[in-house]
Every structure is written in structure tokens, then in C-alpha cells.
Amino acid sequence: MMPRLALLLTLTVLAAAGPPGLRAQSARELVASGLSAYRAVRYDGAVQQLRQALNVEGDDALPDSVRATAYAYLAAAEYYRGHADDAAAATRQALLTDPSYRPDTLVFPPDVTDAFESVRRLTRYVRIQAPADTIVQPGGRGYPVRLYVSAAHELTAALIPEGGTPRVFYDGAVRDSADIVWPALERGARSPTGRFVLEIRSRLPGGGARVVRLPLEARPIRADTLPEPVPPADSLFLPERAARRSTVPSASLALLAGAATMLLPTLVAKDGVGSRTRYALGASLGVAGIVAFFTGSRPDPLPANAAVNRALMDAWRRDADGVRAENERRRGRTALRIVAGPTASTDSSR
Amino acid sequence: MIRPLRAIPLLALSALAAPAAAQQGAAVSVTARVTSLTMRSVAPAGRASVNGAILGGEARLAVNFLTLRVAYAQGSLARGSDPSRDLYVEGSGILDISPAPGLEIGIGPYVRSRVVDDVRQRLVVWRLRGRYEGSVGTPALRAWLEATAGKPDYSGDGFGTWWGGSAGLVFRPNGGVLGFGASYAIDEARANRGARRETVEGLTVSVSAYLR
């Protein structure tokens, strides 16, 4: 309460220092005049000055911080004038302007503060304080919303997509204020985009509800993806086959192996005896040699070069897979920019 | 009675080690083979011949110019019409270096054992081997030649010399995982200028799995 009092005193001093009569009084000056009249026990004048100040609209209109205090002084003046209904209406306006407003017990006498309290207890006003423009990161806290209430009551907070069904994310009692969070980017859930309404629905004691709505617009902010690595240039690959060679060596090898198969017993064993079945193997080798000689030899593979090429391609594939996975991760980690509009409320009888 | 094949755990071990070796840029293959084996013995007391099929396997690990081969085979050999059979086991290990493409020169132990009437005859040879392998017409078909020589240490009787040779071919369609081979091998150990000798020859068919 002290900062508000200081603000009003400042307004009073500024108003008194200004040249009166030279121009129309501003809303702040009217408030200062109203407060002076109130202190001078000129309640009719105070009511007139304060109502004038509170009716000012446009750029010169009073800010909410001053407006609630002005309504409180108006309520006190009406109270002392014996206009209880007007005093209650001014009290409700003060709380509607700022649900967390409470009259300073050092400034207002107990009968005024008691009257204020008796009206306040029956009100169900809610003010939403939320970031006007913020970015919600995946895995972060979500979109924070602070609720100020005029009196303790039950309420629900729901997010309603444009043309969609409401999703309640808070349902419970709030005493003075509460911090609730819209988990805008839940793990595994689809990223919400488009227009939404954050709806605070206060349950009224006699049934019905008072609703405060905050329009929101959510836009995805996609992280930049990485470029995919280009495949290795052809010049980096080694030849995987040797240059074509003469067929003579390979044919000779087969013929020699065939001959060896047949002649080995003679060369190795003293008696020169060997299995006759070996002739079939020897003949097969010989035929393979002859066929190789006449059909030509295919170049021999170079497994070491093939391994180098394979490693090159494997490394590129690994890099490409890594980049794809990272890009997929980045696409999945889309942040959300949330812009809030002006609050609107549907006021009920209280 | 034939004991369980020892080749199976050898091949299984090789297959398990293959992924780790392959990560080091090594070439790994395992081979299962069946050999029709004939063993002829000549001694002053007379001649004997036994034959039968043995089953075995080989694991091969090649890193750069070095190749390590470990092989094992086992089977039972029949003595003509005699109903009793001899247990035959052979194993080898050899470390090759490749001074030129296709050419390998290696050294390693070769052991074979035959149990005749509960008496074990064992031949242990430190052998030197030269091998040349090359493609025949197409990279899928390869032929090879091998010559071996060594100094045997034959328990009981002292063989003075041992040598042998083999040749064969391998068909590996499209450079794929599997290769199919056939080979012929013969070796002979001699003592007393050939008065006592033991000749072993075998025709082998094999299936190889090239794990890398």
C-alpha cells in the first residue's frame, strides 16, 4: 500500500504546483483534487472530482494502479455521504480494476475498510498476468500465467483452440494469487499452433460463472536444419580391381596344380603310389586352366582398396545418418512463440 | 572308441573371435573339411595300410602380411577287413608371411597321432611350408600349390626326413561368405634311407566361411 500512497502524494504535490485555471485538469490532477477534497471532509466535491477523473478515457486515462485507489477513495466518500450502494459499486470497480487491491488501514478508518471487506468477500474477480510475447522452448516450463483474485474461490483454467474443444489444465481453489502453467510443448504431444483462448472460469457461489479470456496466438519457431554431407567425390575412391593381366599366369597355375596333383605321389612317396581319385581333381584343375587361358582372365580384386572405399562410404553414411538424426531431432524440438492479446471478461452479477 | 570331435570347439572359438579380429581390419575364415585318408606303413617287418574318413576344421586369421592357421582333424581308420579301427588325430599350427601377393612362406608344428591297439604312435614335425595361390580365370576360382618339409621327431622310432605336397582349388562365388574347396595332399616320413617309411595321403573336400 505504501507505494500507492507515495504515488498519490506525489500527484497531489504536482497538481498543487501546476498553474490552475490555465488549462483543463488532467485525470491525475482531478484525482489529486478529489483526494484533497476527501481529506478536507468535502465528500460531495471529492465524489465529483474522482468520478470525473475515472471517466477520462484515451491516452489521459488513469492507469490501473491509480484507478483502483481512486475507486477506493470514491467508495469511502460515498460511504460517508450515506450512499451505501454507490460505495459498494465503487468498491467492486476497484477490485475489478485490480483484484489484489486492498485499502490501506493507515489511510482509511476501520468502518471504511470493513465495508470494503464485506463487499470484497462476495466478489469473484480475476486478473490474468501473462507474458505478452514469449518463446516456450521444448522441455521448458511452459507458458506461465499468474492469476490474482479478489477473494478466494474455485476456478478452472482451460485452453481453447480456435474451433476446438477446451482442455482444462488447472482446476482448483485460488486464495490470493496462483501461478499456473500451460504446458504448451508437452513431450510426445503435437505442437500447438494457431489461435487459442486462455479461459479462466470462476465458479460463483449461487451458480453460474464469471469468465475471463486471454486470446493467445502460438506460432512454431523451427530450428535451422543442418545441410546433409555430400557423398565423397569419385576421385577419392581407389580402384577395386587390378589392371587386366595376361591369362598365361593363371592358366599356368591351374595346369601346374593339376599336374602336381597327379604327380605328387611320384615326387613325394618312394613307391610312387597314390590314390587314383586324385586324377579327377588334377583333371579338373587342368580343365580350369585351359578354360582360363581361352576365356581371358578377369582382373583380380584389390580387397585393401575395396576396404578403404567401403570405409569412406561408411564414414559418409554415418555422417549423413547423424545429420539426418540431428535434423529430425531439431524438427521435433520446435519452439513456440506465444503472443497474448488484451484480456476480456464476461462479468456476471457479482 | 572315438572321442568327441575337438574341431567343433575350435571352430566355435574362431567364429566368436572373428568379430573382434574383423574390427582390427583382419581377414578371418573358418573351414570345415572331410578327408578321405590313407596311411601306408612300410617297415622291415612288413607293410600295413589303413584308411578312413576324418573330419576337421581350420581357422585362419590374416593381418597385413601375416597369416596364422590352426587346424585340427580326427577320425578312425580301418585296417582292411579287420573290424578294429585305429583312432587318428592330427593338428597343426603355422604362421605364414607373405613376401609377394599369393605367395606364403611359413613355419609351425604339425602333430599326428594314431592309436593302434591302445599303443599311441605320434609324429611331431616342425615344418617349413611354401604356398602359392592365385586366381584361375575368375577371382571366384583360385588354385593353390603347397610344398612342405620338416624334421620329424617320431616317438619310439626315429624318422629322419619328412616332406610332402598338396594342391587344390577353391571356388568362392561372387566373393561371398562361403567357399567350396577340393584338394589332394600327400606326405611321407622316412627312416633308414626309406627302409622304414610312413606315407599319408588324403583327398579333401571343404566348406569355408569368410567372416571378413
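In which hand does H3(A) pass H4(A)? I found a left-handed crossing, meaning that the near helix is turned anticlockwise from the far one by less than a right angle, with clockwise being right-handed.

Before going on, I noted that this is a predicted model, in which local features need pLDDT of at least 70 and side-chain atom pairs count only at pLDDT 80 or more, while totals for chains, interfaces and linings use all residues. Residues are numbered from 1 along each chain as its sequence is written, and chains are lettered from A and ligands numbered from 1 in the order in which they are written.

**Entry: the H3–H4 pair**

I looked up the geometry of helix H3 (residues 43-55) and helix H4 (residues 64-81) of chain A: their axes come within 9 Å and cross at roughly 150 degrees. Axes here are lines fitted to C-alpha atoms, for helices over the stretch in contact, and angles run from 0 to 180 degrees between N-to-C directions. Helices (H or I, at least four residues) and strands (E, at least two) are DSSP runs, numbered from the N terminus. H3(A) and H4(A) are therefore roughly antiparallel; the classes are under 35 degrees for roughly parallel, over 145 for roughly antiparallel, 65 to 115 for roughly perpendicular, and oblique for the rest.

Next I listed who meets whom. Residues of H3(A) including Val47(A), Leu50(A) and Leu54(A) meet residues of H4(A), among them Tyr71(A), Leu74(A) and Glu78(A). By class, this contact of H3(A) with H4(A) has 12 nonpolar, no polar and 5 charged residues. Contact means C-beta atoms, placed from the backbone, within 7 Å. Ala, Val, Leu, Ile, Met, Phe, Trp, Tyr, Cys and Pro count as nonpolar, Asp, Glu, Lys and Arg as charged, and the others, Gly among them, as polar.

**Entry: the two sides of H6**

Which residues of helix H6 (residues 110-120) of chain A are buried? I got Val112(A), Ala115(A), Phe116(A), Val119(A) and Arg120(A). They cover an arc of only 135 degrees around the axis, so they sit on the same side of H6(A); the arc is that of the directions from the helix axis to the C-beta atoms. Buried means 20 or more other C-beta atoms within 10 Å of a residue's own, exposed means 12 or fewer, and partly exposed lies in between, with C-beta atoms placed from the backbone.

The buried residues of H6(A) pack against H4 and helix H5 (84-97) of chain A. On the face turned away, I found the exposed residues Pro110(A), Asp111(A), Asp114(A) and Ser118(A).

**Entry: chain B and its loops**

Chain B has 1 helix and 10 strands, and 37% of its 212 residues count as buried. I then checked two loop residues. Asp117(B), between strand S5 (103-116) and strand S6 (119-136) of chain B, has a positive phi of about 50 degrees although it is not a glycine. Asn174(B), between strand S8 (161-171) and strand S9 (178-191) of chain B, has a positive phi of about 55 degrees and is not a glycine either. Asp117(B) counts as exposed, with 6 C-beta neighbours inside 10 Å; Asn174(B) counts as exposed with 7.

**Entry: where the chains touch**

How many residues does each chain bring to the contact? I read 29 from chain A and 28 from chain B. On the side of chain A, H7(A) gives the most, with 12 residues.

Note on methods. Two residues are in contact if their C-beta atoms, placed from the backbone, lie within 7 Å.
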